[in-house]
Each structure stands twice: as structure tokens, then as C-alpha cells.
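Here are my notes on this entry, as numbered points. Please read them with the structure open.

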There are 4 protein chains.
Amino acid sequence: MHKRLKLGMVGGGQGAFIGAVHRIAARIDDEFELVAGALSSNPDNARKSAAQLGISPERAYTDFSEMAKAEAAREDGIDAVSIVTPNHMHFPVAKAFLEQNINVICDKPLTSSLDEAKQLQDIAANSEAEFVLTHNYSGYPMVREARHLVQSGALGALRRINVEYVQDWLSIPINDPDNKQATWRADPKRAGKGGAIADIGTHALQLANFITEQHPAKVAADLTSFVEGRLVDDDAHMLMRYPDGAKGYLWASQVAPGNENSLRIQIYGENAGLTWAQENPNQLWFSPLNAPKQLLTRGGHGTSNLSRDITRVPPGHPEGYLEGFATIYREAADIIRNGRMQSCLLPTLEEGLFGMKFIHAAIQSSENDATWTQI
Amino acid sequence: MHKRLKLGMVGGGQGAFIGAVHRIAARIDDEFELVAGALSSNPDNARKSAAQLGISPERAYTDFSEMAKAEAAREDGIDAVSIVTPNHMHFPVAKAFLEQNINVICDKPLTSSLDEAKQLQDIAANSEAEFVLTHNYSGYPMVREARHLVQSGALGALRRINVEYVQDWLSIPINDPDNKQATWRADPKRAGKGGAIADIGTHALQLANFITEQHPAKVAADLTSFVEGRLVDDDAHMLMRYPDGAKGYLWASQVAPGNENSLRIQIYGENAGLTWAQENPNQLWFSPLNAPKQLLTRGGHGTSNLSRDITRVPPGHPEGYLEGFATIYREAADIIRNGRMQSCLLPTLEEGLFGMKFIHAAIQSSENDATWTQI
Amino acid sequence: MHKRLKLGMVGGGQGAFIGAVHRIAARIDDEFELVAGALSSNPDNARKSAAQLGISPERAYTDFSEMAKAEAAREDGIDAVSIVTPNHMHFPVAKAFLEQNINVICDKPLTSSLDEAKQLQDIAANSEAEFVLTHNYSGYPMVREARHLVQSGALGALRRINVEYVQDWLSIPINDPDNKQATWRADPKRAGKGGAIADIGTHALQLANFITEQHPAKVAADLTSFVEGRLVDDDAHMLMRYPDGAKGYLWASQVAPGNENSLRIQIYGENAGLTWAQENPNQLWFSPLNAPKQLLTRGGHGTSNLSRDITRVPPGHPEGYLEGFATIYREAADIIRNGRMQSCLLPTLEEGLFGMKFIHAAIQSSENDATWTQI
Amino acid sequence: MHKRLKLGMVGGGQGAFIGAVHRIAARIDDEFELVAGALSSNPDNARKSAAQLGISPERAYTDFSEMAKAEAAREDGIDAVSIVTPNHMHFPVAKAFLEQNINVICDKPLTSSLDEAKQLQDIAANSEAEFVLTHNYSGYPMVREARHLVQSGALGALRRINVEYVQDWLSIPINDPDNKQATWRADPKRAGKGGAIADIGTHALQLANFITEQHPAKVAADLTSFVEGRLVDDDAHMLMRYPDGAKGYLWASQVAPGNENSLRIQIYGENAGLTWAQENPNQLWFSPLNAPKQLLTRGGHGTSNLSRDITRVPPGHPEGYLEGFATIYREAADIIRNGRMQSCLLPTLEEGLFGMKFIHAAIQSSENDATWTQI
């Protein structure tokens, strides 16, 4: 008999964006039911949001540490908590639940500073609970297929890894305090020192790391705040060097008109190249040297089980952002039930820590006029 | 406090495709919980499938008419039933539940014959229950946006309505009895007399009807079974004429290599044209006469509330097939709770009946060497 | 030592479009030099245009029959004449030059009526001169590659042949008498009875015939004049049947906003499909059944000599309309120098005659309410 | 009466690529006739190639300096010479003809070293002749349209200028001495110190400079020779900074499988963005902030005279590489006849000199571990 895992959530009340995404993602494969939440730091919003979501009043908390303790104490306490707050709250919330040995599913970036990230690593090491970071783009089937192609040796030794994540929504100053998405992201106290580099640059980095199973060793970065008065970068561009000789670039921008969520990656090896773009995620171009380009499609001919296993509908019926996110939740459920297997592809806390080191190195490099900086 | 509707399902046991789609679609917006089912005509499969889905054993039926009666008798009986069987079972199942005044959400095509469809219309007229047909493509936001553009007069009087739904999976004979999808669709006893025309042609027709709010008056159709031994058409092509002077074509094929689920529509009016393709559904081309073409994106600049209201994630994050399907379920929930409003865009039984007349007319025209035939 | 052929031209004076295209096409491969012309029926325009093109005054004729005689009489007379007049003048001009045994390079359609076309066939049969019809789209390298794929058996037996040529420039009435392109095309006396069917439908037909080496046996056609007051069709759509069992459609329209010169073809066989579009002519999609789609590029990997032999610049550097047209002239030069070889791919007068029969049949079918009509 | 200019050519004998391109480009608009040449340093090849091209034997030179003197001495001497040799010969040949006051049309890059480039500037300043550099990509109509959009202020102040030119043909070592294109480009003595940076990077740079009318002030560059044993870079990537605050990147690579001649540019300003790609050059994306993206087409609605004036065929009929190149020749003819006008858009020797400084700075930066280096 199918039994759902019990899920709690911190953050994600009315007016939030990513909380709703996590909830849909958790529902799609029917592995979780939401039973508890501290959905807002505003008590009214917390209660109202909980009612709307069918959470019973006694489990509608207004304080996350109280929630951690209360849920740990219940016989029917939550199996996992989803953290969907602004960045600066990731650390204290994760700490509170890990210390109660409650599994954590946390939005990226890991924390708002490298120092917190390192502390969190220690805390997690001493907890019996699992930690999952929702770098959702690694849940797209054709991203998995790209990883498979690299892993299989189809590209040969890698030479170039180019990745970009480009938006336009911050092209003009956003001063409307009602725009929660814009305001906390623009505030270094809540988002951390990085702007575009942290918000979307880490997604781009993780995508490249996930597909190639390589991590850049150093960066020469040029970060800019193009919009006057902005306190964090809205454009970040860098050269990257990899330990095994590959080179690459990462460009993250929020001021490029005509781009919505243009996350794109190109990888070139000795024998083949591949390109993938998030806005049309069911396709993957594979270009073997000296042969015609091939357009691989999700579930289509010539694809492997690594992508097929996480496909829900037939080829030609598009899956999107929510399905990729749902795969993260499906695999998180598997970790929670069975422990983290060798074969598990979910981002770890260590991957999140690397992301924080990357942000740190990029900012430092930029402050030193784009000098090469070790990550 | 949020309260989910109780859903039952007929069909959709292990090995079925569309049942799983309906279940995910029903979960995405959290309006339904699945509590009962007659998931297979095979009792073992029915029980096993129910357990896997968390349905309690006492509501795991092996007979749909028993289920209709039992659920109608329960205090906590289902609010609606989803019918996801092969075509020939749509009629008896829908009849059984409508007669118990249980709301019906039915997969397309309406029935396997025009005669049944007409009977069903009478039955529904005498039932207190609502009937919803899951022509899911009308749940795509940019399909709604296309309808809005036509409705707003941006295209002027329509001249051409061209629609096609093209696949390749039946390019060769499929004789494997384990391929349930292929076998029942190829069997006139279970699928009805139409092959491609019924399975995908009706989707194409409904898409065109939905966007244009026009219905073709007559067709000149040429249906073919290209694969030897096939008993139903695998390719259907026709000229269409509309009452107000527009002309069009519809092409449905399952033998066109390189096409997965290539449902595409082009509509041309006096003042503008538009095109949309299901495989990249978050985009809509709008081409005003004597001005540059515009690429409208889901949730993007220049779009209307008709599409924005059913959008779940920000522009540039793709939504897909399941989200479109989920919109049908979200709106079905609204009908079930509040009755069918004037503004409701869900396909009605009448639309399903028109689809059956269309299949009938197309087959008749083809048998008469593509003579114009009234629908 | 390289020696250019001497070329004359009838039509193509100032204000004409296609004449300039022919002249550039004739120059690109340096096989012709323009030395004589009757460039306009208006003597002033004829003289002025000739001077602009560097034609010496004594060979700037104002009458095409005078030109035919005078050039035939000169020792250094022209090797070939290009006919670039409105359709109704194709016949008398071609006749005049063929009767003087001067090679003819004639724009399409062959003539403005089927009767003239048949007469021209007899005249050509009795002339020593060669006749070349400039169906320029067969000069695109990737069209040749498509023909090669069909010929090689890569597609297997053909099932569907779908071709369309779609424009929007006649979406509104064009009454400006200075728009020469629009006025003569809209006048049945100069263009013939067919509008879109003759002007662009014949191009679409010839493209399909050229690639498949098959000719449709009959059509069921629906022709429309959407714009009020127009005397010829501006939209033509038809079902087609081929002798060997393939089926297809042809759609030609000049009233579809957002289309410039959207000539596209899809061909599907038992084993593979292909698609090509004129607006991006350096690419050809090839889709083998049960394998990933391939994007073939002009001169790129996996292409054959049939396309490579007529390629001028490296892959990735686009060739366009003029280069395709130039290939027709290059091959015409070869015919003029060496006679028509078996391997020659240039459209013949017979192909032009078939085009006229096709127009005739389509109009007849449409007048009979889309009854199947033999071509 | 139309009178062609007399053209000579140095380089471009049998087996060469770019010489044939220049000759077609010179013919397309009928402004030049080729009458003299020193087509190869190999006398046999020089003579044979000349005969094939219809050059009379007395003007088929085997030595370029002899040719310069002889042509200068003839009454009917050439009006201009095209230099299409490997890079190291650009300087001596240009010098020889400029000193004879014969107009020079020279392939890029200007010379094989910065020092030569500066000398050439002095020589040209003392010559009565004009100097034109064939950066042919600035001859594409939609590149002109992009320049128009920037110039018109539609983008506002520029923020990002990203350009890349990517190929794959040097992904493996090319040791075949018969491959002239590969061998001289890989030889620093003939190509200069730069590999990809000089061969294609300068094209990318000039494209960006041409459209934006801005020049980068400094670069931080990382150049690599990925293929073992290669003496010049085959991949070059750099950050760029512009005097007015814009930032950008340039990536040139010849080792990226799946890329033929993928020259692409993205430009983002405060108010809009644009993107253009050489492989589909008849389109230009224009993305005003907070409005739908527009697809501008060559000659299409919403385009300006800057692009329309150099368009030869109607919208939807593609023009390509040769037509863009032909525009350079057409405008060179205008300069030769009338002197260089203010409005002339052809690249000057100064632009070529800037290109050489750019190569020099990029190599220097790369040798200093990607330190910012003034151009």
C-alpha cells in the first residue's frame, strides 16, 4: 500500500513564488503530503496560508524553531522539511531541523555566506538526517542525457564548457516594496553579497558541474551593477579553468532585454559537442565530429535510461520546469526512505558548499580586477 | 480551509498511459484526491493498481457499474469520476455514473460511435451531474492566448484555418499484444471506425474550433491505411469549409517519420496570422500584416489574462503537457463546486458530439472519394 | 581560355524584378555576358535600360521579333535568350527565338495557357535550339540533396508528399498601377487564368516533382479569391494522389500574414522523412525511422556530391536564392555548349507543360467543387 | 552607358578559396571586370589560372611587383587590385600597389604583424589610392539594420556586447600539405602569431565594432592551443571593457564540434536587445524591454533604408555570404569612382589597424595570464 511522506515547509506563504513551485513539485509524483508549515514570519500570513493549503491549525506554526521541536516530538511528525525562505534564513532554519534529525530539502544557494555554509556542513555531519539541495535544473531529463553522453565518453576529453543564465527583469530599478522577489534579492543582508552571481550564476555553475562531473579550479571574474543604485551585481561574467585542462566561461545577467530564463550550456570535447537550453528543455543537440548534428528528444530514439527513467509522458509531449523540480522531490523521497545510494544524482550539501566557494571566489576576483582566483 | 474533491477513476491500471496522466493532472493544483477506482477489467490488476495508488481496498472495485452504485450510496462518495478506458468503454461507463448523478471527466473521443454519442447527450441532459471532456490541448496557456487574439479581432475576418497532428509511431505494423496503446487503437471494435482521424484528428479539430470559435460546415476527406493489414486509417487529410467563408485543412497522420506529437495550427485573417505548435507550447507567433512578427511567450509581455490566469511559473520556465492537462482538472473542480459558468472554457459534451459527427463525416466523405460532406 | 556565352534578354527593363535576378544569376559563375536585349515594350525604357546595363545601342532592340531575326543574322549573335516578361509573352517570344534556332532560357510558368504550352512543345521539337525553364528552386543544393535521399532509397516507398508556398503580399487589394509586380499578376489577360496556383503553386509542384521524381495523377482542388474584386485565385489548396500510391497536398496562398516566401516541403516514406524550407535553404532535416533526427547542412558532413557539386562557399556560409538561380544558368551554359546530358537536372519544357496541365486540372477541379480531376 | 572598373588580383589561383569568393563578389553587381592577375607564386599555376579566368596572357603576371608597375604604366591599367593571399603577403603586395597609386581591396586581417600594419598606414597616407578592407560581414543587410537600431537609440546606452565566431574544422590536427587553407593558417610565419584570434576573432571584433560604433578599450584574454603540436591558438576567449562602460566577451574557436561558421552577436542596452547570427543572416531579433520580441527580416516590415538599400531580392528569398561580400565590392566601386564619402560604411585601413592592435593585445594579455591589457 502506497504511503506518502509527511512534509513540512518553512517560508512559501502568500506572495512567495518558489514555495508554490516546491509544493507542486512535491505533489506531482505523489510521494509527499504537506502537513505542517511555518509559512511566513508574519503570523497572520502564516495562519492564512496554512489554512489555504489544508494544513491543520495546530501544525500552522509562526516560528520555525518551535516547529522543528514540536514536529520532532510528535509521533506523526514530518519526515522532511522544505526550506523556501530568502537566502539569509537557509542557515538558521536548516540548522534547527538538522539538529532535530529532520531531513532537509533546501532551496539554493546553500546559505548567504561561505562561513555559514561551512558551519552547516559540520552540523549536517553530526545529524542523522539527510540534506538535499534543490538545484532543480539537474532534474531535466535531457540534462541527465547530456551527463550520460559526457560520461559515456562520446565527447572525448572536454575542451570547452560554456554556460550562461540570462534574464532581463532587473534591467530597470525595482523599488516597489511589494515586489518581494525583487526586493530581497537586491538586499545584501537577505540575499548575501552576490546578486546575479548567487541567484542565477550558481544555477549555471551547478548545471555545468552536474553534466561534466568536473568543477572549475579558478575564475577570472568581472561583476557589474549596471543599474544605478543597485547594491549587488546584476551581471557577472568570468573565464574559468578546469583541473584537467578544459576552459570555459560563465555569464549570468539580469539586465539583458529579450531574455526570460535563458539558461544555456554548450560543451565541446575532442570528439563531439552538445548544447542544451532550458527554455526548450525537451531537446538536446548532439554533434559528433565529422557527422551530421543530431537532435535528441526526451524519450526519443537514441536516448538512454538516465533520461528515460525520469520521463513521465511520451516523446513530443513537452515536460517543463515543474516536472524537473518534481524529479528532485521524487529522488529526495527515495533518499528519505532508503538512504542516499551511490547512484543518486541529487545535489549534495557539498555541491552547495562548492557553489558558495564559487560565489566567494568570483566576488574576490572581481574586486581584484579579474585576477585568477582559486575556488 | 482547503478541502479536496474526492475523485474516482475507471481504467488507468498498470500498463496504461493516459490514466497516469490524469492522476498527475488532478494532483498538480491539489483540487482532487483519488479515493476510489475500477482501474482494470482484470481483477488482479485492478486490486494491485489500487494498492499502489493508495486507494483503500474497499474502494478498489473490479466492476465500474458496481462502483457507480456503491460510491453513489456512500456518504463520502466520490465527487467525480475520471474515465480513462479505451474508446468503446467511454459510453457505458459515462452512462453508469451520469445515471447516479456523479460528475464525469471523460477522455476523448466522446464515444466510439456517433450513435452512442447522441444517446449520451440525452443521458447527460437528464442527469444532475456535470460532464467534462478532457481535450487537454485547450488547457495550454498560449492556446488560450491565441483564442484571445482571434476573439479580440486582431486577425480580422478569418480566411484560413490549417491544423495538423502528426506522429510516426505507427509507421510499421505493431503486432506486439503487450503494446496496449497500439493494439486497442488499431482495433475498430475498441477504438471505433476511425484510426488517426479519431485518435489525433479530433484533437486537431477541437484545437482549431477552440481557438477560432468556429466549426467547419463540411469536409472533403481522403483517409488512408498505409500500413498493410491495418483495419483503420493511419493518415487522414481533408479540405474544410467554414460557414463564414474561411477555408482550411486538417491533416492527421501516424506514419510520418520524424514526428512525435507534432500538433500545429496556423490561422490567417485579413489583418494578421498566428501559429502555435504543441511541441514548444510556451511560444505563440503573432504576425500583424505589414509589421514585424512577434514572438509571444507564456506569461510574457503583451499577453492577456486569458493565458496569464492559468500560468503557474514565471515566463521562460517552460510549462508542458501535464500543466495544460492540470488546467482542465482545475477548471473541472470549479465546475463541480460552482456549476458551469458562462466564462468557462472547458470542452462540453456538445463539443465531443461535434467531434463524433466530424469523424463520421470524414469517413463518409472518404468512402465517397472525397466528396464534400456536411458535418 | 575561358570564353563567355553571349546572352540576350527579353523583358527585364527598369522597374522589373525578375530580370535583374536573371542577370545576376547569369553573371555569378561567369558563363554569360549580356550583349543584347529587348528589355521593354516601351522604347524609351528599352533604350535607357540597355544603356544602364552596358548593352551597345545597336543591340538595344524595342521589338523582340526584330531582335530574334537580327541576332540570328549576326556572326556574333547571341547564344541564348532569357525571357523574363509577364506570362502571356512567354509563348510568342519563345516561339520567335526557337524558330531562329536560338536557345531559350524562360521564366516559369511555361505559358499563360495549356493550349499555348502544347504548341510550344511542337515548336521546340522542330527547333535545333535547347529550351530551359528556370524553376530556380531546383538549383538549391539541399533540394538536390533531398532528391538524392529519395533516389537512394533512404526513405523507402513514399507515402506523403506535402508542399506549400505561402506569401502575404496580396492580403489587401493592390490597385497601385505603379506596382508592376502586382498588376500584371492580377490580370488574367497577362498572367493567365491562374493566380496563386500559377504564380507560386507551380513552383511548389515542380519542387515536389523534382525531389520525388513522381508526378501527381489527379487533384481535388479548392481555389479561392479571398480579396474582394480579385479576378484570379489568391489561395489554392488541393489533395493530390500519385500513381504509386503516395498522397499529398499542395497549398499556395498569397494572403497569409507573416509569410514572405515560405516554400516548404515535407516528404514521408516507409523508412524516413525529410523537410526543407526555402527561407533557410542551407539546412535539410532527415529523419530516419526509429533514430534521432539529423540536420544536414549544405556542404556539411553526410551530404552527397549531388549537392556538393553546386556549392560555392564553405559550410556555414549561407548561399541563397541568387546562387540557386545561378546554378540553373551554369547548367544551362553546359547544355548550350555540350547538349543536354542524361544526368542534367534542369527542368525541361515537358516539365513546364506538366505544370500547365496541373494549373488547368486544378482550376477545372475547383470549378467542379473539388472533384478529383486527372492532370 | 555603364562602364565596368578594371580589376586585378594577387593570389587566388587554383586551390585557393577566398580568391574565388572575391571574384564572384566583384561580378554580382557588375561593377568590375577582372583583366589582370598575379594569381599564384607558382608561375605555372598563375598562367593556368589566368587562362581559366579569361585573363589575356600578357596580363597574367607571375610577380606582383612587376604587375603593379606594368599595370600602372598601361593606359588601360587596372583601377583596383584585390589582395587575396595568405596574411604575410598582404603588406608587401598592398605596399607595391599603393606606391603605384593603384586602389587596393585587401582581405583581412590587415597584415601579419602590428608593425607592418603601422607602416602600411603611413604608406597609404602618402598614396593617392584608396584602401578597402573586406570585412565582408558588415555587408550583410541585417548587420546594417542592427547598426541602424543602435545608432537610432533604440537600445539606449549599451551594457553588454557579446560576440563569438565558432568553427570545428581544426578539432583534429591537419597535417595534409595539400590542404592549403589549413597549412598556411597554422604556420605563424605566414599567418602571423595569432591563430583563431586572427583568422576569425578579428571578424567577430569588427562585426561588434561595426554595429555598435564602439571599440573595446582593454581585454583580459585566455588563448589556447587545444590540439597538440599546434603552434598558434585554436581557441581564444576574452573579457572586454569599453570606454563608455559597456562590457563584453569575444570567443573565437576552431575546435567546437557542430559549428561550421557560427558567427553570432548579442547586444544589450538599457532599453532593448538584439541578436544576429551569420548562418541565418536574413533575420534579426529585436527585443524592446517590456514588449514582445520582434523578428525583423531582410527587406521586411519595420526595417530601414540602411538595410533595404543593399538588398537585391524580395523578403523571404534568402541572400547569403556572397551577396554580403558583393556589397563590399559595390561600395568599393563607389569609392573608386567618387572618393570615400562620409556616409560610406566600408571598413577602413584604420579599422584594420585596430584589428591588429587587438590581436597584439589579446596575445599579450594571454601571455600575462589574462591580465587586463590596453588595445
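1. Start with Ala182(A). Ala182(A) is buried, at a relative accessible area of 3%, because the cut-off for buried is under 20%. Bear in mind that this is a predicted model.

2. Where does Ala182(A) sit? Helix α7 of chain A, residues 180–185, holds Ala182(A). Leaving aside residues up to four places away in sequence, Ala182(A) touches Trp169(A), Leu170(A) and Ile174(A). Trp169(A) lies 13 residues from Ala182(A) in sequence; the C-alpha to C-alpha separation is 9.0 Å.

3. Next, the interface of chain B and chain C. How many residues does each chain bring to the contact? Chain B supplies 42 residues and chain C supplies 42 residues. About 3,400 Å² is buried between the two chains, with 54% of that on carbon and sulfur atoms. On the chain B side, Arg159(B), Phe226(B) and Pro257(B) lose the most area to chain C. Together they make up 19% of what that side buries.

4. In a salt bridge, the side chain of Arg241(B) meets that of Asp369(C), at 3.0 Å from N to O.

5. Which strands of chain B carry its side of the contact? β6 (158–166), β7 (218–224), β8 (235–241), β9 (247–253), β10 (262–269) and β11 (272–277) each supply at least two residues. β8(B) gives the most, with 5 residues. By class, the side of chain B that touches chain C has 17 nonpolar, 14 polar and 11 charged residues.

Terms used
Residues numbered from 1 in each chain as written. Chains lettered and ligands numbered in written order. Predicted model: local features only at pLDDT ≥ 70, side-chain atom pairs only at ≥ 80, totals over all residues. Heavy atoms only, no water. Contact = heavy atoms within 4.5 Å. Buried area = accessible area lost by both parts, 1.4 Å probe. Salt bridge = Lys/Arg side-chain N within 4 Å of Asp/Glu carboxyl O. Helix = DSSP H or I, 4+ residues; strand = E, 2+ residues; numbered from the N terminus. Nonpolar A, V, L, I, M, F, W, Y, C, P; charged D, E, K, R; others polar. Buried < 20%, exposed > 50% of the residue type's maximum accessible area, 1.4 Å probe, protein only.
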